[in-house]
Structure formats: C-alpha cells, structure tokens
Amino acid sequence: MSILVQTDACVGAGQCALVAPDVFDQDDNGIVLLLEPDPQGADLAAATRAVRLCPARAIALSTT
Amino acid sequence: MSSPARVVIVGASIGGLTVAESLRDEGFDGEITLLGDEPHLPYTRPPLSKQILAGEWQPEQAAIRTAAELDGLGIRVLTGRAATGLDVEARTLHTDDGALPFDELVIATGTRPRPHPVLAEASTLRTMDDALRLRERMETARRVAVIGSGILGSEIASAARKRDAEVLLVGRSGSLGFGGVGTLLSDELTRLHEQHGVELALRAELVGAELAGAGLAPNASGSTTLAFADGTSRAVDLVVAMIGGTPRTEWLAASTLDLADGVVCDHLGVAAPGISAVGDVAAWLDPITGRHRRVEHQSNAIEQAIAVAARLAHGGEGAQPVPLFWSEIHGTRIHAYGWFDPERPLAELPKTSDSPGTVSGSHDEAGELRGVVGWNAPPRDFRTARAAVVTTIRPLVAHS
C-alpha cells in the first residue's frame, strides 16, 4: 500500500492532517504534504480514513 | 443485526459513491448497485464552480474513480439511469429501465438548482454539463450578472472576475451568506468582492428581464436587460442564477416516505425500515438543534455516507457529522467547522504565526467554542482551533 496525493485538487480542508498526523501535514497554503508514503499499522488505518474523508478526493491509496 | 445481501444506492455523486466504497471498507461482501441519472461516472462537484469554471481543469480531472476501479471494488454502476418510484413495503426501486429489488436502499439524489422565478432561462450550475455550458458562455461574456448571495454566487462571481468580466452580484437580502456560518461573514465578503472589482447590488429584487437578440440561448451573443424593483435596469451578456436548491424527491412523491423538506430521517439517517438517505437530499434529525435539517455541503455528504455504511455493514451508530465547509473566493481561502449562532458575532482567536490570515470562533451561551472560521488562516492554527470545538450533543442556546 502506498499513498498518492494530488496537490492541485487539494482544498486545504485539513481532514487528512487531523486524522492521520503522522502521514500528512499541510504547507502554509494548506496544501497537503505527504510525510509517510508507505504507512503501516495504525497509521495505515488512519490514512485510509483520511482518503475517505478528503472532501476533494485529493489523496488515494494505491495497492501497486 | 445481520448484514443485508443487496444494497441499492440511488445517486452516483460523492454521497452515493462514498456509501458504496465505505461498505467495502467495512468488509461488506454483498451486492452493491449504484445508479445515477447523469451519463458520467462519479465526479466531485466542488471544482465545478472553481477550477472547471475558471478553465484550469478539464472534466477528467474531476472524475473520482475509473470504471476498472469500481469494477475491482465490486460496485455495479448504472449511469444514465433514473429512479422513477419506490415501493417501501416491497423493497423495490423502480427505474426508467426496470425494477431493482433491494434489502437496503440509500437515497443520495441531491438537489437541483431552483429556477429563478422571473428568469427561468438563466444559467445555473449543478452538474458537470451545466459547468461546461456555463464555461463556454463565460468565455465570451463581458458583462455577467450573478443572482444569489450564497457561497456559490460568490464563487461564480469570483470565477467571472478571473476572466476579467464586469461582474454584478445581486442578492435579495441585505447581506452575503456563507453556508452554515450564515451572514456572520457578510462584511468581510462584501469587502473582498469590492476589492476585486465586483459590483454588489444587495436588497435588489429582480422583477423582469428583457431578452435582446438570442439572449439567453446557449452560446448566443446578444444581451439581457435586467429590471429591478427600484426601477433601475442593467444590460448584461450572461445571467447566472444561484438561488438555492430543491431536493430531488419528485420520484418519491407516491411513496410513503416523509418528504417535508427532502427525505426526513432520524439522527442515523434512517427514513424507513430498509431505507436511508445521505447528502443534500437528506434531512437528518440534528441532535444539536432538535430539528430536521438538510445540510448542503460535500463533507456532510461524505460523513453521513461513512456513518450509514458502517450501520448497514454491522449495525454501528457511526459518528455524528460535524459541519465542515470551505471556499476560495478571489484567491482567499475560507474554511468553517462546527455550528454558528447567527445572533452572536465571531470573535478572533489567537494564532501562533504572524501570517495575515485569521481564525475566529463562535461561542455558545456557556462561552464554549462551537464553531471556527479560518480566513486565509495558517493551516496549523485552523486545525488547532477546530480540535478545540466542543462537538458533544448540546444545544447552542439553552432551551427554556
């Protein structure tokens, strides 16, 4: 599993950094920053939740 | 509770799709059928009034899932398929192409724009096709009137200014609204529009419109003269009306569901045994206010969808959605989270950085923080502020 982010879709809602703070952060404009592209365990569960909650569908989980 | 074998979801936008995906996240292995009346696979709507209208994105960029991905998740998607009726007792959905039996049905049909009473032909925006038509009109329109004082009116005014058109923003009320924040940001929004060259006409009621030439026909040149209640008039090339949405429940009219304003549901999204509703069309019981209320925001649709999927998969109650919404108007990023009492002005909250952005809060009678607004806010400050919002079920104003 790896995380993909699409920064031009990001609206800076910050859902990801809130629910998975070890995987995502935001830059000064609120745009998503990927801290951990290959999260494990609890971080992976949190990242999965972030993917679903993202209002812009700017993050995705890739199985490849 | 045993999990259902067949889930049918009506409405293939973010709410409906998120129900389907979340069912799979929860380990549901029954049949999932998702149908939508648009010809497109699910796409996100928020970019329609922003990147798509501004011409920065092509339609494919708003797509959420490919056909192969949906197939891989075992989600059967029927596009171009409209629901036409519902038999609650028999648990059967009727469509324009046959009946679909279900064990659980989720209604996520959203809203459609309310036509302007004086000018039903005015452009409007809800679907991708609406956005592409409007974008084409905007490419040539030099004078644009936007009717509607809500978030979408402001966003479309902003998109038209990006294209350097002259923009008149018309509102019947005296103030500008921002979703659940109500009119608490009206002064700031007014200033923002004025700084970016939008002419505001508030307390202005449109009473008539005269079409010259091909007027409002798609792709036409020619102008429309708008007449206002105060006797003034204005000629423009393009009129966009964003005066609110009507829940798409007409196909449910003959059913036994309560359709007072959208599909009336309990606090878990249940409309009737075996029938749930999520998103713009759904009026869930809001435990904070004790009233049924429709919330027309993307994040609300997502959170309701996640909660309903968890309940269908294994009977959990799921988390109560907390309103979260955002916009970008003339390049200013505005985010709001929580609940807002229209009677109490926002109070600026402390922030940690020296950026020019602000975070303000809405407090309840007990002085507790219940909602926060970020205005170009440093993201960390907004996150800190929203984490401090009290989201437990308690009314904003004490009931006497």
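The model is predicted: local features need pLDDT of at least 70, side-chain atom pairs count only at pLDDT 80 or more, and totals for chains, interfaces and linings use all residues. Residues are numbered from 1 along each chain as its sequence is written, while chains are lettered from A and ligands numbered from 1 in the order in which they are written.

**Chain B overall**

- Chain B holds seven helices and 26 strands. Helices (H or I, at least four residues) and strands (E, at least two) are DSSP runs, numbered from the N terminus.
- Its radius of gyration is 22 Å, close to the 21 Å that the globule rule gives for 400 residues, so chain B is as compact as a globular protein of that length. The radius is taken over C-alpha atoms, and the rule is 2.2 Å times the number of residues to the power 0.38.
- The C-alpha trace of chain B spans about 60 × 55 × 40 Å along its principal axes.
- Buried residues make up 46% of the 400 in chain B. A residue is buried if 20 or more other C-beta atoms lie within 10 Å of its own, exposed if 12 or fewer, and partly exposed in between, with C-beta atoms placed from the backbone.
- Among contacts in chain B with a separation of 6 or more, 61% link residues 24 or more positions apart. A contact requires C-beta atoms, placed from the backbone, within 7 Å.

**Six-stranded sheet of chain B**

- The order β3-β2-β1-β7-β19-β18 makes an open sheet of six strands with mixed pairing. Strands pair if DSSP finds at least two bridges between them.
- β3 (75-78) and β18 (270-272) of chain B are the edges; each has a single partner strand, so one side of each is left without a neighbour in the sheet.
- Twist averages 25° from one strand to the next. Axes are lines fitted to C-alpha atoms, for helices over the stretch in contact, and angles run from 0 to 180 degrees between N-to-C directions.
- β1 (residues 6-10) and β2 (residues 31-35) of chain B run parallel, joined by five bridges. B:Ile9 has B:Leu34 in β2(B) as its bridge partner.
- Helix α1 (residues 14-25) of chain B packs on this sheet and touches β1, β2, β3 and β7 (104-107) of chain B. The helix direction makes about 165° with that of β2(B).

- β4 (residues 83-87) and β5 (residues 92-95) of chain B run antiparallel over four bridges. B:Ala83 stands opposite B:Thr95.
- Four residues separate β4(B) and β5(B) in their hairpin, and B:Arg91 in the turn has a positive phi of about 50°.
- β5(B) also pairs antiparallel with β6 (residues 98-101) of chain B, over four bridges. Two residues join them in a hairpin, and B:Thr95 faces B:Gly98.

**Contact between chains A and B**

- Chain A gives 15 residues and chain B gives 19 residues.
- On the side of chain A that touches chain B, α1 (15-19) and α2 (41-53) of chain A give two or more residues. α2(A) gives the most, with three residues.

**A:Ala47**

- A:Ala47 lies in helix α2 of chain A and counts as buried, with 26 C-beta neighbours inside 10 Å.
- Beyond its neighbours within four places in sequence, A:Ala47 is in contact with A:Ile3, A:Ala20, A:Val23, A:Pro39 and A:Leu61.
- A:Cys16 is 31 residues apart from A:Ala47 along the chain, with 7.3 Å between their C-alpha atoms.

How values were computed: Contact = placed C-beta atoms within 7 Å.
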